[in-house]
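Please examine the display below before reading on.

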Amino acid sequence: MSLRSLYVPKPILIFFAVFAILPLISSNPYHVRIFTIVVLYASFVYAANIIIGESRQLFLCMSALAGISAYTSSILSLFFGINPWLTIPAGILFSAAVGALLSYVSIVRGLGEIFVAIVTLTFSLIFENVILGLRWLTMGETGLVTPVLWWPFQEIAGKRVASYYTILIFTLLVSILYANLVRSRLGIALRAIRSDRVSAEVVGIDVTRYNVIAASIGSGILALGGAFYGYFNGMVSPGVFSLSVDIAIILMLVLGGIRTLYGPLIGSVAIVFVLETTRGLGQLTLTFLGILLVVLILTFREGISSIIQRAAVKLSGQGQ
Amino acid sequence: MIHETLQAIAGGMVEVVIDGILFGLQLSLLAVGLVLIFGLGGILNLAHGEFVIITGIISVVLISSGWNPFIAISAAIFLSGLLGLALDRTVLRPVYKLKGEMEVLVGLFVTLGLAFILEGITSYLFPGFYFSVRIPVETINIMGLSFRASALVSGLISFVSLYLLLIFLGRTMTGKAIRAALQNQTGSRVCGIDVERMRTLVFFLGGLMAGLASLAKGVASSVEPGSGLELTSYALIVGVVGGVRSVYGAMVAGVLLGVVNAIASYLLGTYLTLIILLGIVVVVILYKPSGLFAGGV
């Protein structure tokens, strides 16, 4: 695809322009941390939007895929004493390969969505236990202190703000990737498979190939985001990449609007805001997430983004 | 010397295997409720483990407010059944209106949300709480082998509960109707079975089984808030290996996994054991998604 045919929707640029101004409005370290988490989560939700939304593979191991790359990159850098930027690609390759394998195996074995969910859930548990068990390598439950990553322009902007902008640009690229993926051959093939798998196969669409590609792209995004998160956070532990992260991602996806371009951004802003304001509740935060999940799934499956879109269409009187 | 070591291992092995069977019965009891509900309700109840915990909490609350322990625990188990019934009658109503894969998916997320709600509330209200039933005798010697009395009693409770469930499903008219509905919903409707009512009953039974599993676990070890999802995942592992729709399958798979668990942790340690168990699940799903023992209902 040539650069000229790259599709960059304007509202996305507006979204990111607003995000880019945020640290200028408040450089309070706590706020910048929150902004970073919002933007990072948005990249995870785009990945989920590709895997769960576009290719309808219910992966419940997204945080594990992010974790695999974060651990791989950190451990390689620590053991060989090399720059983390050199080991991040290894982490991405590893996670993408695992994601592709999970996808390939479930398609070849003809597992339904529910079994894909169970297999990937089991995979999450295996990941957690391997990390806990390989204590000499991963420091187990206490977590591994990640090596220091040099963020572009950190000498000028300071570490915190520099990491924020790096991750912001990463998420911007991910959102543009998503916008183009949906319109590409891959996106159209996935849409055909979604609406009628058998017919798609009959027309000659390689179901296995496109689903595996979608899973690898999504896993790759999760992997880079996971590695960034590890270096930004200063440490990685099983708790950081636990199943509750998957739940948060799914909440964001459903709230923002599954298979929409702006849903991941809206969803991650809303859910991170809710999580931060209910932080004082301790264990009840979990209850709150649960209520949100039940209510959203039962009443609000189309998401905020599509409601706004419909309202906008109505207002401008276009009505497609 | 090698011979003696082998003999010692073999001697210990018998105890290990029996211990595994006893633990396996507990696993079967835990899984049976989940499987029943999935089979007829079409809902993979991820809040199953929370039922176990809530039974424990209610038992302790009732006992500490002066109830007779036997009555308190029975009441708690009954309430767990009612909780299942309430689940069917309230939040899952809208889910049943959906079709096919969508119903399963939405049901999965609703019960997951419910698990989070209950896990949050129970760990918030009862931090550091545990439910445990003491058995006055420490160990019991049978034919030169010694067993923990708590494990034996727990295994016995599980066995009797499972046996009663089998009798109910096999001998009574209602039980037969449930089995018919598990096999073929349309067919049973034609025969005049009220499938909706059977489903509600199955949710009640599933809750009841979770309550009994709580008692069995409370006798063998303890039940604590915050471990609900872990219990659910154990039930899920057993259910998947046995066949997610098969009650008998879950019973056999529970015992089998209990034995594998005991032998593996005896020889390899707990860390590798869990990974082996999870590995078994993955292999079973990949090679026989309907489960190893999914012959009957």
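## A hairpin, a surface patch and a chain contact

In chain B, Thr139(B) has Arg148(B) of strand 2 as its bridge partner. The model that contains this pair is predicted. Strand 1 of chain B, residues 139-142, pairs with strand 2 of chain B, residues 145-148, in the antiparallel sense, and four bridges join them. These two strands of chain B form a hairpin with two residues between them. In the turn, Met143(B) has a positive phi of about 50°.

Chain A carries a nonpolar patch on its surface, formed by Leu78(A), Phe79(A), Phe80(A), Ile82(A), Leu86(A) and Trp136(A). Together these residues have about 740 Å² of accessible area. Helix 3 of chain A, residues 62-80, gives the most to the patch, namely three residues. Trp136(A), another member of the patch, lies in helix 6 of chain A, residues 135-138. Is Trp136(A) buried or exposed? Trp136(A) is exposed, because its relative accessible area is 64% and the cut-off for exposed is over 50%.

The two chains also meet each other. The values for their contact are set out below.

| Feature of the contact | Value |
|---|---|
| Residues from chain B | 38 residues |
| Residues from chain A | 32 residues |

Between chain B and chain A, the count of salt bridges is zero.

Key
Residues are numbered from 1 along each chain as its sequence is written. Chains are lettered from A and ligands numbered from 1 in the order in which they are written. This is a predicted model: local features need pLDDT of at least 70, side-chain atom pairs count only at pLDDT 80 or more; totals for chains, interfaces and linings use all residues. Side-chain values use heavy atoms; hydrogens and water are left out. Two strands pair if DSSP finds at least two bridges between them. Patches are made of residues with over 30% relative accessible area and no salt bridge: like charges are joined within 9 Å, nonpolar side chains (Val, Leu, Ile, Met, Phe, Trp, Tyr) within 5 Å. Accessible areas come from the Shrake-Rupley method with a 1.4 Å probe; for residues, only the protein chains shown count as cover. A salt bridge is a side-chain nitrogen of Lys or Arg within 4 Å of a carboxyl oxygen of Asp or Glu. Buried means under 20% relative accessible area, exposed over 50%, partly exposed in between (1.4 Å probe, protein chains only). Contact means heavy atoms within 4.5 Å.
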